[in-house]
There are 2 protein chains.
Amino acid sequence: MTTLKDLSRHLGLSITQVSRALNGYPDVSKKTRDRVMEAADLLNYTPNIAARNLVSGRSGVVGFISRNLPGIAKNTIFFETVTGLSEAFSARDVQFVLHLTPETDTGDIIPVYDRLFRGGTLDGFVLVDPLPEDLRIQHLLTHKVPFVVHGRGEMEPPYPYVDVDNRGLAYRMASHLTALGHRRIALISGPEPLAFCRFRLAGFRRALAEAGLEENPAHIRHGFMTEALGLTATIQMFGDPARAPTAIVCGNTLVSKGVYQALGSLSLRVPEDVSVIAHDDAILAASPESFAPALTVTRSPLADSWAPLADTLIGAINRKPIGTLQKIIPFDFIERASTAPPPA
Amino acid sequence: MTTLKDLSRHLGLSITQVSRALNGYPDVSKKTRDRVMEAADLLNYTPNIAARNLVSGRSGVVGFISRNLPGIAKNTIFFETVTGLSEAFSARDVQFVLHLTPETDTGDIIPVYDRLFRGGTLDGFVLVDPLPEDLRIQHLLTHKVPFVVHGRGEMEPPYPYVDVDNRGLAYRMASHLTALGHRRIALISGPEPLAFCRFRLAGFRRALAEAGLEENPAHIRHGFMTEALGLTATIQMFGDPARAPTAIVCGNTLVSKGVYQALGSLSLRVPEDVSVIAHDDAILAASPESFAPALTVTRSPLADSWAPLADTLIGAINRKPIGTLQKIIPFDFIERASTAPPPA
DNA sequence: TCCAGTTACCGAAACGTTTCGGATTGCTTC
DNA sequence: GAAGCAATCCGAAACGTTTCGGTAACTGGA
């Protein structure tokens, strides 16, 4: 291992000046900078990061903490998140560690964050799936630990986050349907306590309210967004055909796949009898083009979040002002063949 | 952040003695050790790992490097590996970082290992899916970088590995069939260049040779171990019924699922017409009990490898002798209903 | 000639820990 | 009363980097 001392001896310069040359300080002449660079290259110099960490008080490592739940290996979204973040941080020369606690460990997860932050093992954290009042967020905020949240909880006090525009896309989907003349619109969304569902529900409600429509609780369903949810929810909503919806807003394309199946088995046509619209996060197997008829969607690839998340966390670690650390990922609206005016 | 200096001041002891008390050195009296522990607890002391790393020359971080290939999110085995290793290392207070290079980056992967090891970013690596002559292994060996391999390549010179007993289990499966009287036995295994397939093939061959059987190249198939492989390979092997096998050894249970399907569509019964046997790594959706008839298997859960892999890598980092760093995971043989003597 | 300003450089401290070599005490033993 | 020995303790160096506060040499203007 070559060190700065080796380089300085080899060049007849002080350690200080070599360090400053390598780090691009202005008070180094062009000539010596070139000499230093060349020598560093020749002697194969790599800065020792432990030493750098010691003086900077940073570790250059960020973490993602989760419990190792049984089904975790089948959770494609989780995996996509891990690989996406991993690649994004690698590209920024930050180490990304996945910290899984055993599923048998039923204790509180907050001490894990504490233990890893104190002593400087980790510089910050990525959190996903926040609850509206998330204890982890409360805790990290009060202890001034840098973090970034994928998706938002309640917003007071403000904290760093990156989120798809959940309120906006739900509003867009629902208002597209109201504009077509629908008056009974259903929503099949994700697990109720999660913040992103709250936001989507809020956007959905605003569109209904603006169109002067009453909300029907029987037409709102929450649950894990799978094909099965779409299928069972649809079947149930059409139990009483007189009160059944004429349009369905789906949390993702997988849900709408189940909806298509249910409608097919009820001999109802899309879009003549029922319009279907979904949000496409471009991550699941169910691609909206593959539907017959092709699915109208709002589109916002989850994969667009990884780079902003990495940048935001790095910003939070460097104590950038909060204003620069809150990002909303925009969405596209893509009208295809699954939406039409309601039957007469 | 409380430091050793704070503690020593608070206790009226030297930094040295506090450090030694905390680290369990023998030349500290019981009384002061207790006092130190209590104070450390009181002042919420956590050692600064950057400082510790600087003096120890370690980083406490190990890595797993892979290219972020398109299908990676659907690769359950990869994901199971990542989560399993992550949990195993977390439990040992070692940081585990997943390092994914962009799929667009087509360059050689070896410099990535170099860059991360030099400068002390990472202490060692976990490698999976070794080739028989693996360049990564060659390179890490010559540069004395600690690593552990899951599965083995060629064994000279020896290096640290953890592996299921591939040769043994293939031998066990095949010799079970020869003992039953089968004389035409097929093998449907994994990608040919991978080391584990070579070992399985060797075990398979030995069993055949011991039974005095000729090997039929048409009865040996390699490929990605999916249902589709089992299905197509079986259909092809039964193209000429006179030369068709009477028993099939499958690389995993997913393959045997395809084999069952093919045999069903050929109106052949298991085990009366054809015996089927597989290796069960207890990781895929296809559980051997769920087969009809239930599948005879050798069983060796992949999940049993994570803890030994972590221990072995940590041993390699601590320069333990090579003899303690090579582990073979044993397997069980579970006879169920899918194997019987060949038809008369 | 003197002074101020710029440019290029350097010494030393600091980050928090581990560890080497030695120092101090109190007790036994001859 | 000195020597030997174990039990405790401590000072200081070391790990490799960044950075603060300075110094020296040179420039140009008055």
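These legends walk you through close-up views of a predicted model.

**Figure 1. Chain A meets chain B.** Here we look at the contact between the two protein chains, to which chain A brings 39 residues and chain B brings 38 residues. Together they bury about 3400 Å², and carbon and sulfur atoms give 60% of that area.

Figure 2. In general, side chains of opposite charge can pair when their charged atoms come close. The interface also holds 12 residue pairs in polar contact, both partners being at pLDDT 80 or more. On the side of chain A that touches chain B, the elements giving two or more residues are helix 4 (49-56), helix 5 (76-91), strand 2 (95-101) and helix 6 (110-117). Helix 5 of chain A gives the most, with 9 residues. Sorted by class, this side of chain A has 18 nonpolar, 16 polar and 5 charged residues.

**Figure 3. A close look at His99(A).** You will find His99(A) in strand 2 of chain A. Its relative accessible area is 5%, under the 20% limit, so His99(A) counts as buried. The side chain of His99(A) makes a polar contact of 3.0 Å with the side chain of Ser90(B). Leaving aside residues up to four places away in sequence, His99(A) touches Phe64(A), Ile65(A), Ser66(A) and Leu116(A) in chain A, and Ser86(B), Ser90(B) and Gln95(B) in chain B.

**Figure 4. The protein surface near DNA strand C.** In this view 24 residues surround DNA strand C, and the closest are Asp27(A), Leu4(B), Ser19(B), Tyr25(B) and Tyr45(B). Of the DNA strand C atoms within 4 Å of the protein, 61% belong to sugar or phosphate, and the rest belong to bases. By class, the surface near DNA strand C has 10 nonpolar, 11 polar and 3 charged residues.

Figure 5. From chain A, a polar backbone atom of Ser29(A) is 3.3 Å from a phosphate oxygen, and a polar side-chain atom of Thr32(A) lies 2.9 Å from a phosphate oxygen. From chain B, a polar backbone atom of Leu4(B) is 2.6 Å from a phosphate oxygen. The elements that give two or more residues to the surface near DNA strand C are helix 2 (15-22) and helix 4 of chain A, along with helix 2 (15-22) and helix 4 (49-56) of chain B. Helix 2 of chain B gives the most, with 4 residues.

**Figure 6. Leu13(B) and its neighbours.** Leu13(B) sits in the loop between helix 1 (4-11) and helix 2 of chain B. With a relative accessible area of 23%, Leu13(B) is partly exposed. Not counting residues up to four places away in sequence, Leu13(B) touches Ser8(B), Val18(B) and Val36(B). For a sense of distance, the C-alpha atoms of Leu13(B) and Thr32(B) are separated by 9.1 Å, although these residues are 19 residues apart along the chain.

**Figure 7. The salt bridge of Arg205(B) and Glu215(B).** Over all chains the count comes to 28 salt bridges. In this one, the side chains of Arg205(B) and Glu215(B) meet at 2.7 Å, N to O. Arg205(B) belongs to helix 9 (residues 195-210) of chain B, while Glu215(B), 10 residues apart from it, lies in the loop between helix 9 and strand 7 (220-222). Arg205(B) is partly exposed at 38% relative accessibility, and Glu215(B) is partly exposed at 32%.

**Figure 8. Two further salt bridges in chain B.** Arg269(B) and Asp273(B) meet through their side chains at 3.2 Å, N to O. Arg269(B) is partly exposed, with a relative accessible area of 48%, whereas Asp273(B) is buried, at 19%. In the other pair, the side chains of Arg336(B) and Glu289(B) meet at 3.6 Å, N to O. Glu289(B) is exposed, with a relative accessible area of 52%.

Notes: Residues numbered from 1 in each chain as written. Chains lettered and ligands numbered in written order. Predicted model: local features only at pLDDT ≥ 70, side-chain atom pairs only at ≥ 80, totals over all residues. Heavy atoms only, no water. Contact = heavy atoms within 4.5 Å. Buried area = accessible area lost by both parts, 1.4 Å probe. Polar contact = N/O pair within 3.5 Å; in protein donor to acceptor, adjacent residues only side chain to side chain. Nonpolar A, V, L, I, M, F, W, Y, C, P; charged D, E, K, R; others polar. Near = heavy atom within 4 Å. Buried < 20%, exposed > 50% of the residue type's maximum accessible area, 1.4 Å probe, protein only. Salt bridge = Lys/Arg side-chain N within 4 Å of Asp/Glu carboxyl O.
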